[in-house]
Amino acid sequence: MAENTLTANGIYFGDVEGEDGLELTLEENLLNNLVGLINDRYISARTSRDLDEQRWLTAYHNYRGLYGKNVRFRESEKSRIFVKVTKTKVLAAYGQLVDVVFGANKFPIGISETKVPEGVAEYAHIKPTNPGIETSQAQPQEEETIENPYDVGYEGDGKVLKPGATYATGKFEDLKLDKVAEEKEMLSEGPSPDPQILELSPAQKAARRMEKIIHDQIEESNGASEIRNALFESSLFGTGIVKGPFNFNKTLHRWEEGEDGDRVYSPVDVRVPRLEFVSIWDFFPDPNATNIDEAEYVFHRHKMNRTQLRSLGKMPYFDKEAIRECLQMGPNYVEEDYEHELKDDNRNDEYGASQYEVLEYWGVMDAEYCRQVGMEIPEDVDDLDEVQINAWVCNGRMLRSVVNPFTPFRIPYHAFNYEKNPYSFFGIGVAENMDDSQKIMNGHARMAIDNLALSGSVIFDVDETALVGGQSMEIYPGKVFRRQAGVPGTAINGLKFPNTTVENMQMFDKFRQLADEQTGIPSYSHGQTGVQSMTRTASGMSMLLGAASLNIKTVIKNLDDFLLKPMGEAYFQWNMQFLESKLGVEGDLEVKATGTNSLMQKEVRSQRLTMFLQTAANPAVAPFIKMNKLISELAYSLDLDPDELMNDPEEAAMMAQIIGMQNNVGQSSSPEAGPVDQGQGAMEGGGGIPEQPPELGATGTGGGNIGTGVVPQSGEAEFSG
């Protein structure tokens, strides 16, 4: 028999003995009690959302067009029709969300520099004393040898340039500002004193590089598909859950040339961030929380087969021995009540018999308790403090228990609501908003069909005393009834019931309109047929669609606040913590969710930049404009990559010289061009001074009556003269 044990925090466990009679160490016993504590919290979280599960089941049945088990019909009701208006509304809301989030050319998460960046220069320029730059402010160099960055001599001299490298983007592309200033002495902080000197914006460049990295990471991890699944559940049930970014070891498939010349498969594992959609049925938050920031803990319930459970042993910090014990103990998955309701086929109760239930826990725990269990807690953390941990539990065994690896600590789940319920964690979806209207529409549709079955057929009143007994009552054309008494024509009478289908369908249409009001999604916005008074003209239809979009903007704002912005911040923090090559992304950066205003803001900004570009065409204003900066911002506002479309100043000067040479060749080939014109064209770098047109009079036509028209330009004057 084991001795009684008293832990350091005063918890008495009594005899420490395992199920098989073997004595357990204190650490093992504490670990088992930690598993019990986690299971107790899971039971509390699962029990607290029973009412929410009933709401979701009702919404699911309305979406699928199914009557739940609690729906009872009268014996007189023959029709079981279900008009799936809920499905149409849910898909319309889902389509609007997808169009806003993924309708633009890039993901609606933006990274921008702050108004006053700290830790990185807002502007920087190349010093005019460097080689290769000749300006009016350049001072003559004393006898000093400065290494030319493009002094490439021979193969193997260590001065290899990247393909397509230029002075602005080649050798110093990946150098930080401080390294350039200290090692190369090429850049100087502050705006450029000379318009001809290349000016850089290190803060802006770092922000846009980080934005490009995040968009690439989301695209490569199939994040768009995962987010679309969450958007659908948000529209249907009211809440969508996305997990991530979390560390994922991705295998890059590569083939290299071997010694014998054959291609050898040599895969490489890299650490990348990944997103994952989490179904609302498998997510159990803290019962006392109304949003993810207030939650002390959350649970993610996994249903795994033997292969999936065994593969956990290949992931970091998982206890392979505990996984092996779970496999030996056998499957432990038990289907929940709502899972039976969600079944659409005739699968038996043995469906989950070969599955394992694995609980993933993210939440707080006492630091002292974690130390006693054996977790590695930083020494500067006091025993009375709390730490966030990640634990995986299956079959009463701790598969993994580590301190939250993310810095700063965060729960890697993002929950966003379609319509916010201020007193609950879970929101309200489209299906729940129109639940009453859906029920009434179904009732009147059934009544209309049952009434039509009565009123659409003839019912006979038969006086059997006037007929000969033993006759068949079957009715068909040419039928002869034999009668034995009574007045002729009174033995068999046809009756017709009144038709109330019109009244029932009027009520159906009325509650369909109420469903439009309840959901904020008018029928004409998702393809209602028929022409109404306001939809006869394009302007009237535009006004209606503009008013209908007000409701969805509120939903998109929830998406910005609770999904896009937190997820962008999480990606930024992940890259700063785990990205192996920082690529110059350090700086004072700000994450912006641009879901609601992305399209409108960029459209307005591009229009303003275009108008300003027209103003800059004035020769008197042009010297005061940074033209390359203006064009770069215009391209960025149009969701175009300025680095791909624009030349740097060196390339722009080369292209201008080439264009000038082409114009000179065209001017010299003209038979009317004189030597003065050619010299002027070569000196100006353009096409030279064109030949002046002859005097054409006040009308611009060479004489005649004065009339309206446009004064021709110089090119037109040659032909009109």
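Tyr-361 of strand E13 faces Ala-391 of strand E14. The model is predicted. E13 covers residues 356-366, and eight bridges join E13 to E14. The two strands run antiparallel.

E14 also pairs with strand E15, residues 397-403. Six bridges hold this antiparallel pair together. Within the pair, Ile-389 stands opposite Val-403 of E15. E14 and E15 form a hairpin, with two residues between the strands. Asn-395 sits in that turn and has a positive phi of about 55°.

How enclosed is E14 by the rest of the structure? Eight of the nine residues in E14 (386-394) are buried, so the strand is largely enclosed.

**The sheet E10-E7-E16**

Three strands make an open sheet in the order E10-E7-E16, with antiparallel pairing. E10 (268-278) and E16 (413-417) stand at the edges. Each has a single partner strand, so one side of each lacks a neighbour in the sheet. From one strand to the next, the twist averages 25°. Ten bridges link E7 and E10, again in the antiparallel sense. Among the facing residues, Ile-241 has Val-278 of E10 as its bridge partner. Helix H6 packs on the sheet and touches E7, E10 and E16. The direction of H6 makes about 10° with that of E10.

**Helices H2 and H6**

H6 (residues 223-237) also packs against helix H2 (residues 50-64). The angle is about 100°, and the axes are 9 Å apart. H2 is therefore roughly perpendicular to H6, since angles of 65 to 115 degrees count as such. On the H2 side, the contact involves Trp-56, Ala-59, Tyr-60 and Tyr-63. H6 contributes Phe-232, Leu-236 and Phe-237. By class, the contact has seven nonpolar residues, no polar ones and no charged ones.

**Salt bridges**

The whole structure holds 15 salt bridges.

| Pair | Closest N to O distance |
|---|---|
| Arg-49 and Glu-53 | 2.8 Å |
| Glu-569 and Lys-565 | 3.6 Å |

Lys-243 lies in strand E7 (residues 239-252) and Glu-360 in E13, so the pair ties together parts 117 residues apart in sequence. Both Lys-243 and Glu-360 are buried.

Are Arg-49 and Glu-53 buried or exposed? Both residues are buried.

Glu-569 and Lys-565 belong to helix H14 (residues 538-578). They are four residues apart there, so about one helical turn separates them. Glu-569 counts as partly exposed because its relative accessibility is 33%. Lys-565 is partly exposed too, with a relative accessible area of 31%.

Which residues are linked in a network of salt bridges? The members are Arg-46, Arg-301, Glu-336, Glu-339 and Glu-357.

**Links between the parts**

E7, in turn, lies between E10 and E16 in the order of the open sheet. H6 touches E7, E10 and E16, and H6 also packs with H2.

Terms used:
Residues numbered from 1 in each chain as written. Predicted model: local features only at pLDDT ≥ 70, side-chain atom pairs only at ≥ 80, totals over all residues. Heavy atoms only, no water. Buried < 20%, exposed > 50% of the residue type's maximum accessible area, 1.4 Å probe, protein only. Pairing = 2+ DSSP bridges. Salt bridge = Lys/Arg side-chain N within 4 Å of Asp/Glu carboxyl O. Axes fitted to C-alpha atoms, helices over the stretch in contact; angles between N-to-C directions. Parallel < 35°, antiparallel > 145°, perpendicular 65-115°, else oblique. Contact = heavy atoms within 4.5 Å. Nonpolar A, V, L, I, M, F, W, Y, C, P; charged D, E, K, R; others polar.
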